[in-house]
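Hi there,

Here is the structure I promised to pass on. Please have a look at it first, and then read my notes below.

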Amino acid sequence: MVAKPREQNLEFEAAERNLSPGMANQAWGLEDSATDFKETELTLGPPGESRDAGGKSGTKRGFCETLDLNLTGSNAKRNDPGAQSQQEACPTAKHPAAKAKLVGWPPVRALRKNAMRSDGCNYVKVAVDGAPYLRKVDLEMYSSYKHLSEALEDMFSCFTIRNYFNAGKLMDPVDGSEYVLAYEDRDGDWMMVGDIPWQIFARSCKRIRLMKSSETVDIEPITPPK
Amino acid sequence: MNFCPEEVLEHIFEFVTSHKDRNSMSLVCKTWYQVERESRYGVFIGNCYAINPVRLIKRFPRVRSLTLKGKPHFADFNLVPHGWGGFVDPWIKALAKACPGLEELRLKRMVVSDESLDLLSRSFVNFRSLVLVSCEGFSTDGLAAVAANCRNLQELDLQENDVDDRRGHWLSCFPESCTSLVSLNFACLKGEINLSALERLVARNPNLRSLRVNRAVPFEMLQKILIKAPKLTDLGTGSFVHDSDSETYHTLKSAMTNCKSISSLSGFLDVASCCLPAVYPLCANLISLNLSYASGINGNELVKLIGHCKKLQHLWILDCIGDDGLRVVADTCNELEELRVFPSDPFGPGNAAVTEQGLVAICSGCPKLHSLLYFCQQMTNAALITVAKNCPNFIRFRLCILDPVRPDPITMQPLDEGFGAIVQSCKRLKRLSISGRLTDSVFFYIGTYAEQLEMLSVAFAGDSDNAMLYVLNGCKKLRKLEIRDCPFGNMALLKDVGKYETMRSLWMSSCELTLGGCKTLARKMPMLNVEIINENDQVEIIPDNNDRQKVEKMYLYRTLVGPRPDAPDFVWTL
């Protein structure tokens with residue numbers, strides 16, 4: 001049995017007084033002309049709200065404000081570098097008026113989005129520092145980071161890539177130098193592989209590089225360990 | 001009142017198959033509870049974490065058909081991180097031991113492994129139906145095991161799963177003795193398949209009614225399939241690209257002409273417009289048409305095709321059909337019951353070609369319409385009010401304006417009145433998704449009028465906690481509420497904590513909840529799992545004085561079995 005908060009009941013009762021069946025029917029009897037709209041506009045509403053107020057009330061979050069809230073808003077924690085990967089999907093900080101890409105919007109299943117995008121192929125170059133030539137992989141062939149890492153291991157068999165996402169580091173057994181798996185995204189930024197969901201990665205990855213740790217100055221900072 | 005022997009009760013109960021009715025029956029008295037539980041063969045579990053396999057088997061020892069749903073709905077849109085949960089493995093292991101009579105398994109948004117599929121295939125002698133929707137974690141190796149070992153398989157239905165395609169020969173693993181197939185859908189697979197194996201499979205399964213192939217199956221195969229599967233009622237094409245002057249094309253067209261039984265058509269995963277006339281002969285009988293993956297067809301061609309489909313009841317289409325195209329649909333498809341219009345540019349507000357005008361046209365021409373999913377560029381209150389008047393029978397109404405906070409472009413008002421009209425007029429409305437610029441008013445309308453509402457999806461809407469409270473107070477039948485990017489906080493969350501026990505689940509992300517609020521809720525309601533999804537170490541659980549930090553993603557659900565043991569590191573059950 002769900003208890004109704006007392007305060008809310010008052011608002012419902014007040015609203016009931018405002019609405020009569022005749023008014024409701026009048027609104028639904030609206031003909032095509034938009035100009036009649038205001039006269040037959042439903043006057044039911046929470047008490048205290050002015051019907052003349054414009055579409056915006058003071059507390060309504062605008063679209064851009066919403067995005068800013070996600071990025072830098074009242075929660076200081078969101079500024080930590082770990083949030084970079086989320087920011088990558090919401091670059092409104094630079095262009096509030098631009099059509100920014102939100103995570104999960106529009107609400108279309110990932111599989112459908114990917115099907116619309118490509119003709120089934122998504123070849124990206126893979127470069128390994130120190131190797132004489134590059135390779136290409138088709139990201140459409142893989143459904144997870146794990147499978148990609150297995151494929152890369154086959155291609156560049158001198159590195160133990162398989163445990164990459166557990167250990168966080170690669171070592172070249174020959175000369176002991178450390179490697180980091182990074183990718184270039186559509187904005188031209190070099191990012192660490194593994195932060196974002198696979199489907200988003202596959203869509204935004206333009207090329208992949210195994211970089212020596214000593215050269216990772218320009219890469220986005222890694223999430224600090226717990 | 002013991003004049004009714006249990007055998008008679010059991011016989012009567014056999015006629016009752018609806019889960020809700022069965023649940024009600026089990027509450028009547030202890031005898032009815034016992035008889036019901038021993039005679040329930042089909043069990044539906046809407047949240048796999050609300051119960052566990054042991055208790056399922058204890059209560060329903062004779063279960064033969066199990067439906068399980070795992071991740072929350074917003075997982076479809078990448079809002080739930082990988083590894084969150086929804087593993088089917090423990091269920092299959094438990095059922096393998098205790099319910100060897102299992103015949104059907106239907107999974108939605110669950111993580112399935114090849115090992116589970118292998119175990120499944122070897123554990124249930126009578127297994128006949130596997131339906132996987134939006135699942136992940138398995139590969140074609142798992143499918144090979146199912147194909148090879150399930151002797152009586154009738155249905156293998158893979159809908160929009162993320163399958164690791166190992167390009168093996170899983171289709172060839174169906175033995176020669178497999179002749180029981182009724183339904184086979186592998187449209188979501190990305191890899192090559194053995195075409196001659198497919199042809200032979202179709203030939204030896206005379207009861208095949210539904211076949212949906214993937215992109216790797218070329219145009220030339222279709223005619224062979226049609227000839228060998230005369231009972232086919234549901235066809236999903238693969239690649240539909242060919243030279244329309246060729247003999248192959250004309251052969252297919254005549255095969256289609258002779259095909260009177262096909263009533264459902266989908267696929268066209270690759271398509272050339274010039275080939276579409278080949279399917280015109282089918283159109284007069286079509287009840288269901290899914291062209292939502294057919295990005296190669298332009299609006300005019302779509303319109304020409306649909307112009308032949310007078311009996312259509314279900315239509316899934318891309319928005320490149322345009323408002324004009326929808327007018328043709330409205331004129332032609334007067335039996336239409338379900339319409340889904342997907343965006344052709346799903347990566348953001350692009351050049352979506354449908355507006356409120358298309359929707360108004362459809363609703364004028366299609367009075368039987370009861371299910372709608374509509375992605376559009378804009379919507380007006382006037383249009384929604386007209387829609388509400390013409391189509392009072394909506395059961396599912398999902399509107400997605402691509403710019404999520406766009407107001408009525410003509411009046412610049414929020415869309416409160418329009419959606420208010422919908423909920424007041426559509427008294428049978430069970431599912432609603434709202435979008436556009438929306439204030440607290442729309443939630444007031446929903447709470448006041450949407451008496452049958454079971455599921456509500458909200459994004460970028462509302463001004464205050466009152467909005468959420470209107471809905472929680474007013475919608476007595478609410479089962480699932482999912483909210484993202486709304487200014488709702490602890491006050492709304494905590495006002496009526498008992499409400500959540502009457503619901504399946506609540507999702508709130510990018511709202512104003514704090515850790516302290518969520519902790520309070522968890523403390524008051526031990527029958528709920530209140531999960532915080534903490535990606536990227538946004539929230540620190542220690543030290544304790546950080547209760548004011550914002551919670552990015554919260555998912556709560558009622559459960560009989562407490563915190564789940566398989567939660568990953570980034571999920572905290574408070």
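**Rings in the interior**

A:Phe201 counts as buried, because its relative accessibility is 0% (buried means under 20% relative accessible area, exposed over 50% and partly exposed in between, with a 1.4 Å probe and protein chains only). A:Tyr183 is buried too, at 2% relative accessibility.

A word on the ground rules: this is a predicted model, in which local features need pLDDT of at least 70 and side-chain atom pairs count only at pLDDT 80 or more, while totals for chains, interfaces and linings use all residues. Residues are numbered from 1 along each chain as its sequence is written, chains are lettered from A and ligands numbered from 1 in the order in which they are written, and side-chain values use heavy atoms, with hydrogens and water left out.

Over all chains, a search of the whole structure gives 24 aromatic pairs (rings of Phe, Tyr and Trp, the last by its six-membered ring, pair if their centres lie within 6.5 Å; planes under 30 degrees apart are stacked, over 60 edge-to-face, the rest tilted). A:Tyr183 and A:Phe201 form an edge-to-face pair, because their ring centres are 4.8 Å apart and their planes stand at 85°. This pair links distant parts of the chain, with A:Tyr183 in strand 4 (residues 178-185) of chain A and A:Phe201 in helix 8 (residues 198-204) of chain A, 18 residues apart. Helices (H or I, at least four residues) and strands (E, at least two) are DSSP runs, numbered from the N terminus.

The rings of B:Phe240 and B:Phe268 are also edge-to-face, with centres 4.9 Å apart and planes at 70°. Here B:Phe240 belongs to strand 11 (residues 239-240) of chain B, and B:Phe268 to the loop between strand 12 (264-266) and strand 13 (270-271) of chain B. B:Phe240 is buried at 0% relative accessible area, and B:Phe268 is buried at 0% as well.

**A ring cluster and its surroundings**

Ring pairs join B:Tyr49, B:Phe74, B:Phe77, B:Trp84, B:Trp507, B:Tyr555 and B:Tyr557 into a cluster. The charged end of B:Arg564 sits over the ring of B:Tyr49, 4.5 Å from its centre (NZ of Lys or CZ of Arg must be within 6 Å of the ring centre and within 35 degrees of the ring normal). B:Arg564 also lies over the face of B:Trp84, at 4.3 Å from the ring centre.

B:Pro72 touches B:Trp84, B:Trp507 and B:Tyr555, among others, leaving aside neighbours within four places in sequence (contact means heavy atoms within 4.5 Å). B:Pro72 is in the loop between strand 2 (65-69) and helix 5 (89-98) of chain B, and it is buried at 7% relative accessibility.

**Between the chains, and the core**

Best wishes
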